[in-house]
Each structure stands twice: as structure tokens, then as C-alpha cells.
Amino acid sequence: MSINKTLRPDLWKKREDTLWTEEMILNMGPQHPSTHGVLRLELHTDGEIVKECIPHMGYLHRGIEKNSEHKEYLQIIPLWDRADYLSSMHMSYLITYAAESLMKVEIPKRAEYIRVMCMELQRLASHLIWFGTFALDSGAITPIFYAFRERELVLDLLELASGARLLYNYIRPGGVRMDVNREFLHRLDKFLIHFQDYLDEYEELYTGNAIFINRAKDVGVLTKEEAISWGASGPVLRGSGVKWDIRKDEPYSIYEEFDFDIPVGQKGDVLDRYNVRFFEMRQSHRILRQALDGFPEGKYTARVPTSIKPEKGEVYVRIESPRGELGCYLVSDGGKIPYRLHVRAPSFVNLSALDTMLRGHLIADVVLILGSIDIVVGDIDR
Amino acid sequence: MSGSAFTPRTYTIWEDFRLWLMHAGLPYELADALMLIVTFTVILIFILVLVLGLVLLERKFLGWLQIRPGPNRVGPWGLLQTVADAIKLLLKEDIIPMNADKPTFVLAPIVMFIPALLSLVVIPLGVANINGRYSYIVAQDLDIGLAYLLAISSVGVIGIIMGGWASNNKYSLYGAMRSVAQLISYEVPMVLALVSVALYAGSLRLIDIIHAQQSIFALIPLFPAFIIFLIAGVAETNRAPFDLPEAESELVGGFHTEYSGMKFALFFLAEYINMFTVSALITVCFLGGWKGPAFLGQNLLWLSSLFWFFLKVFFFLLAFIWFRGTFPRIRVDQMMHFAWKFLIPVAIFQLLIVAWGVAYRNPIMSGGYIPKISVKDIWDPKDYTGFTEFTRTSLPSALRMLNDSEMVTFLISVIGFILLILFIGGLFYRTLKGFAPSKTIFQEKP
């Protein structure tokens, strides 16, 4: 661990008049319980106060983008499932959406409903795991067990639909891989009846705690302007008071048919981002209820060829993943494999705003702010 | 029994054991040596069993709080889990980091462990009735028991600093620095709360403090001191929500990041012994120690007194575990502000109240020990003999002894006490009231 002295001479200048003090560099990660994977934060600290934070990534780089240029579309989807492993439904829908935009195919209504239901369930699962780990970062060890209890129910539902619990490979061009059965609908109904109560339980367990509120309030403030100029998206952007949700502003799939609100924060601190995510869970619940009530009969997939060949052209599509704007830039030369496929990862862009958020805060706040961004390292590095 | 000036000789059961040996014909020196050996062995075994049980209790109780069964694989209901863990820790490789300050690194766990052990010496666990005389279950009944406990407990922090410094790890260093700030800050309100207790009981001897609570537990007249001591006690033992020195999610392991094997086990043992000591001290100072109905009769007084003592102690131990399962960690600057801006002023205020009560012969504020002369007489030098004699009476007769101005202060203190209880109840209500902001704050306006 060494510092480049030519880059930062101010740190090494010996002060004659006072006691010689210098900044200490603390490497948080890549093996640290609170960096949510293999992320390394280079913290320049003055005592406990963080002066600068430089995130170092690349520890989980798997070359998925380059790999995608050598595989057929149906083979790409399971690959991208592994990028943001906490929201694989959104990842596979993103690739599907990009490919479908260059194809002439009409998606059956039932398939779209299944997709939306799966994506919203995935959002719930992702936000639940965020809630648990965020509470763990703040030092409360109990909420994660309660969050995992409900996440288990969500995963059971997704398993009933797709056959897998984490990496689904379920949504594919044309529709979904297989139809949902009656038990899925029945259990989803039962789950939705109880889910609001679970949320109330979490909030009584954790949100109202004075220690938590004191720790989260006015910490890691990201103003509206800063959030926009950093390109932040998702709950980080909405927590800063910008009303921007791609489900509402640029509707994809059948999101325009549903009635839901977009929560926004006021100050852009950790507490706002926390509350935005909680409100999003309640909105997902609303969407799921509407989707279940209006669930149509029909086919679960359109007729598409086994080997998918989108037309020649390029397209940029974006969806709202639990972490923010998930975009895909696809260039197709009309062949079986994409010419170029690039994904805009929300975790990566949101992480770049970390330094702005935590300057002048304490080391204890670093883990809290990092937790409030809700990064997934697989999403950052791809 | 009179107050601070003359305290009669108290006996411990170990001295009874020595007496019994001497009756059996042993010379005094041999009996004394045997007594020391037996005392030492019993206390050591007691501590080991206690800590093993406490670790298991914590893991089980935390498991139940967190909707999981807790350890349940080793032995029936997981009872042997901590034994297995202890054996594992004993057999593990003893790793010393490459650039560590070796002697300090080795010494640190010992420096933390020994004072924890020593602090158990003065804690009275119960009382036995042997041939019509009371003998106390305590290793050594010191006159300055309270001061001894405070002195010993502040030595432990040196072990933490040594460990954090010697590890040559930045996380350990942060943990050590935090622990210095924390333990020194919280020692102040803790001592102030205990001074209130000492003033209330008129003695630093723990057994006297227990006897002063014959009619009413000190918990009720000294409620703010009790709350302060409870909070400061949690902070002194580095338990959640004050577990900043070993903050797992921030500093990995804090001062014991680099420790493994038996050295880590010593830190661990010390933490649990400290937890027990603080719980025992709360019990002794505020809940009347072993006081409770002797439901097994006078011959088995030792059993019922031990029962009451451990019932109260385990209530607080479970409360500590409950705190850990409930609260997020407090931040380092908030922790300091809380100690210096809230706890210490309240503790000083409490101390003034108790001093005022004792000076005006308020029977509630002085544990039923009423000075025979009032403040006015003390100020008059010709009657003042250098020390004050205390009499111990029941509440009605104590009230009859008071003059008019003292009666007024007594009534004021009763009213103030009721107001205080209401205030604290309101605080508790405000804190404990559950709410769900995401249901209300972010509702869209139509």
C-alpha cells in the first residue's frame, strides 16, 4: 500500500509549525464485510473523517460484454443473468427487450403480464435483500433474518414460475420460457395479502429507531443538481427529489396499464433513499395486485424462430431495474450473434457519486452510504 | 448497624470454612492456605461455567429473537456448542502478524482478562445463615468495594489499546482509538451514578449498599442514576449499540481483528465476564442484590439468596442480549455527544438531588439511614464531633424525626419524583412508539 507522492504532494509536506500530521489511507476491501462483494474503496482519512474516496473495481470482471459478441441471443441471456445477480429477471428482460426492438414480433398479452409480475417480484426480492444488508451495515443484526424470511417466499414464487431461484433464464425473445401454473397465481395472491403487514413489521422493527434516524438523517446528501450531473438513477436519483422513473416516463412492456406512484425524497440523504425504497416496495405490491387481478388468458410466447436474427440496425433501450436505469445498446448486423452489446449498469454510475456523498463524513458513514446506493459488484464490473 | 463511621465485622463463608478447618484441628496457617486455594478454585470454575453458559445463552436468545433456532447440533439443544468452540479455540494455531509488536501483542489479552477476573472478587453473590450468624458469599468483603471495582474496571481499556496498537492493522488502531474515547467518556457518568448510590447508602462497601435497600430498592429513588448506569454499563462492556471498538460492519473486528486462537478467546472471555460484572453491579446497587423473600426458610437462606441474585443478574444479561438484537450501532461522534452532553449533566443533577436529600434527612434519599443531627447542627461547630451518627428507622418514624423545613423538602422531592417518572415515561413512549413512514410521508398529493 503506497501513495503516489508526486500526485498528492500536499499530503506529505511536513509542517514545521505544528505537530506533523498526515492523512491515513485506509483500504476498505476487497475483503471487507460491508463492501457488498469485492469492491475496494481507497479512503483518505483524517482521523475518522473521510477526505476522499476512490473506488477501485474490476475484481469481479468476467468479460460478459465481449463474450456476448460470440454467442447467440438465447445463449447470451443466461450470461447476463449473472451480471446483476440480484435482479436477473431485469437483466434477461433487458436483452430480450433490445433484441425484440429489432425484430418484427408481437408479444402476447399474457407473456407481458408474466414478465411484469416476475420483474416486480424480483424488485421486491432485491429491495428486501437491500433492506437486510443495509440494516446489517448500520449495526442492526436482526432485520436481515426477517427480510430473508419474505425473500424466501418471493423466491419460491419465482421458482414456481421459472424453475430456478436465483438465475432464471426465464424471459426470452417472444415471451417467457414456460407458462405459469395455477398454483403460482394462488400463492402470489396469498403472498400479496400478507406482504403489507410484513413491511409494517420491518418499519416498526427498524425505521422508527431513534439511533437509526440520527445516523441516516443529513448523511450522504446528494443534491438534485449533483445527482443529475453524476447521471445517478433509480432510488438514488429519486431520493434526491427528481421524479424520474422509466416505468412511468418511458413506459416499456405494459407498465402504462398500471396505476402506481413514484416516491421522491426531499433532501437526498440516506434516510430519503431508504424511505424511497420502502415506498417502492409498496408500489410494487400495488402493481402486482393489479397484474394479478387483470391476468389474461392466452399464449405465453409468440412464435419466434429457434435461432433469433434481429434485423440490421442499432438500438438503445432502457428499463428501471431495482438499482436504476439499466440500459442496453445493441448493434446487430442481421446475424445470429450481436455485433456489439453494451450495458449501462446503474450500480456503476451510482457508485461514481459516492465520493461526492461521503466527503467529510466518518468511516462509520461510509458503509451506510455505500449501503444506501445499493450496489451489486457483478453489475459494476460485468 | 451504624453507618459510615463504624461498620461491624462481616464474615464470608470462606472464613467459616477456615473456622471449620481449625475446629477440625488444622493449624491457622494451613487452614488459611487451604481457604485461599479453595476460594480461588471455586471462583475460577464458577467463571468458566458462567461464561460458557452465557455464550450459549446469548446465541440461543439471539437466535430466538431472529426467528432461527440458534445452535442445536452439538449435544442436546446445542448445550455443548460452547464447549466445542472453546476446544476449537484452544487448539487453533496461534498467529502473530508479521510486523506486530510482539510482546505487547501477547500481553494485551492478559491485561484485559486479569482485571475482569479480579473485579469478581468483591461482588457479593448471596448470604448464608450459619448457626444463627450471617455469612456472605463473597470472596473478599472490601470496605472500598465500589472504588475497587471502578479502579479495576478501568485497567481493562489498556489491554484494548495495547492490542489495537500492537496488531499493526489500521482497523485495529481505529478500534483502539474509539475504545479509549468511549471507555474514558462513559466512565464519568458511571462513576457519578455510583457516587449517588454510595451517598444514598452511606458506604462504599457493597454489602452495606445492599443492606441500605432493606425497605426499598434504590432503583426507585435513584431511577435516573439507574438508567445512566445501565447505559454506561453497556458502553463500558463494548456491547451493542455501543460496540464501536469492535464494529463488525465498519472495522471488521476492531481491536481484535488480528487475534486468533486462545488470545482471541481471552478477549472474548473478558467481554463476557465484564458483562456479568456490570449486571451484578446493577443488581447490587439498584435492585438490592440478593434481597428477596427467603422462601426456603432460614436454613436454606443461601439458596434463596443466590436464586434472587442470579434472577436479577440474568434479567440484565438478557437485556444486554436483547439490546444487541434490536439496536443499530451508534456513530462515534453521537456516542461522545451522548456521554458528555446528556449523561454527565443528568448524572451530576442526580448527584445534587441525592446530596440535597441526604443533607435534609430525606428518608427516601438516604436509604432509611437518618442522621441523628440535622444540617443546622452540623453547621454549628460546637456540636459537631467530626463524624455523623446514623440511625436506621422505618419510614413513618423517620418522618416523625424531621422538623418543618425538612418535611417541606421531603414533600418537594416526592412531587419531583412523580414528575420525573412521568417525564421518563413520556420519553419511553415517544421512543418506543412504532410507526411506518413510507405509508405516510411520501404519499402523493392529488
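Here are some friendly notes on a predicted model of a complex with chains A and B.

1. **Confidence in the complex.** For the complex it gives an ipTM of 0.80 and a pTM of 0.83. Chain A averages a pLDDT of 86, and 95% of its residues score at least 70. For chain B the average is 81, with 87% of the residues scoring at least 70.

2. **Where to read with care.** Over residues 1–7 of chain B the pLDDT is below 50, and beyond near neighbours in sequence this stretch has 15 contacts in the model. Residues 441–446 of chain B also have a pLDDT below 50, with 5 contacts beyond near neighbours in sequence. In chain A, the pLDDT stays under 50 over residues 1–5, a stretch with 6 contacts beyond four places in sequence. Among the elements of chain A, helix α1 (residues 9–12) has the lowest confidence, with a mean of 56, while α5(A) has the highest, at 91. As a rule, where pLDDT is low, the predicted coordinates should not be read in detail.

3. **The sheet in chain A.** Find the open sheet of 3 strands in chain A: its order is β1-β2-β3, and the pairing is antiparallel.

4. Strand β2 (residues 40–46) of chain A is joined to β3(A) by 7 bridges, and the two run antiparallel. You can follow the pairing residue by residue: A:Arg40 stands opposite A:His56, and A:Asp46 stands opposite A:Ile49. β2(A) and β3(A) form a hairpin with 2 residues between them, and A:Gly47 in the turn has a positive phi of about 70 degrees.

5. **A helix across that sheet.** Which helix lies across β1, β2 and β3 of chain A? Helix α15 (residues 363–373) of chain A does, running at about 150 degrees to β2(A). Leaving aside neighbours within four places in sequence, A:Val366 is in contact with A:Met28, A:Leu41, A:Leu43, A:Val50 and A:Leu358.

6. **The largest nonpolar core.** This core has 219 residues, and those that touch the most other members are A:Cys118, A:Val366, A:Ile369, B:Ala193, B:Val197 and B:Phe229. Helix α5 (residues 109–137) of chain A gives the largest share of the core, 17 residues.

7. **Where the chains meet.** How many residues does each chain bring to the contact? Chain A brings 38 residues and chain B brings 32 residues. On the side of chain B that touches chain A, α7 (170–201), α10 (248–251), α12 (301–326), α13 (332–359) and α17 (437–440) of chain B each supply at least two residues. The residues on that side of chain B divide into 16 nonpolar, 8 polar and 8 charged.

8. **Chain B as a whole.** The secondary structure of chain B comes to 17 helices and 5 strands. Of its 446 residues, 43% count as buried. Among contacts in chain B between residues at least 6 apart in sequence, 74% join residues at least 24 apart.

9. **The sheet in chain B.** Here, too, there is an open sheet of 3 strands, with the order β1-β3-β2 and mixed pairing. β1 (11–12) and β2 (126–130) of chain B stand at the edges, each with a single partner strand, so each has one side without a neighbour in the sheet. β1(B) pairs with strand β3 (residues 133–137) of chain B in the parallel sense over 2 bridges, and B:Tyr11 has B:Ser135 as its bridge partner in β3(B). α12(B) lies across β2 and β3 of chain B, at about 175 degrees to β2(B).

10. Most residues other than glycine have a negative phi. B:Trp77 is not a glycine, yet its phi is positive, about 55 degrees. B:Trp77 is in the loop between α2 (28–65) and α3 (81–91) of chain B. B:Asn238, also not a glycine, has a positive phi of about 60 degrees, and B:Asn238 is found in the loop between α9 (223–236) and α10 of chain B. Buried or partly exposed? B:Trp77 counts as partly exposed because it has 14 C-beta neighbours inside 10 Å, and B:Asn238 counts as buried because it has 27.

Terms used. Residues numbered from 1 in each chain as written. Chains lettered and ligands numbered in written order. Predicted model: local features only at pLDDT ≥ 70, side-chain atom pairs only at ≥ 80, totals over all residues. Contact = placed C-beta atoms within 7 Å. Helix = DSSP H or I, 4+ residues; strand = E, 2+ residues; numbered from the N terminus. Nonpolar A, V, L, I, M, F, W, Y, C, P; charged D, E, K, R; others polar. Pairing = 2+ DSSP bridges. Axes fitted to C-alpha atoms, helices over the stretch in contact; angles between N-to-C directions. Core = buried A, V, L, I, M, F, W, Y, C linked by C-beta atoms within 7 Å. Buried ≥ 20, exposed ≤ 12 C-beta atoms within 10 Å, placed from the backbone. pLDDT = per-residue confidence, 0-100.
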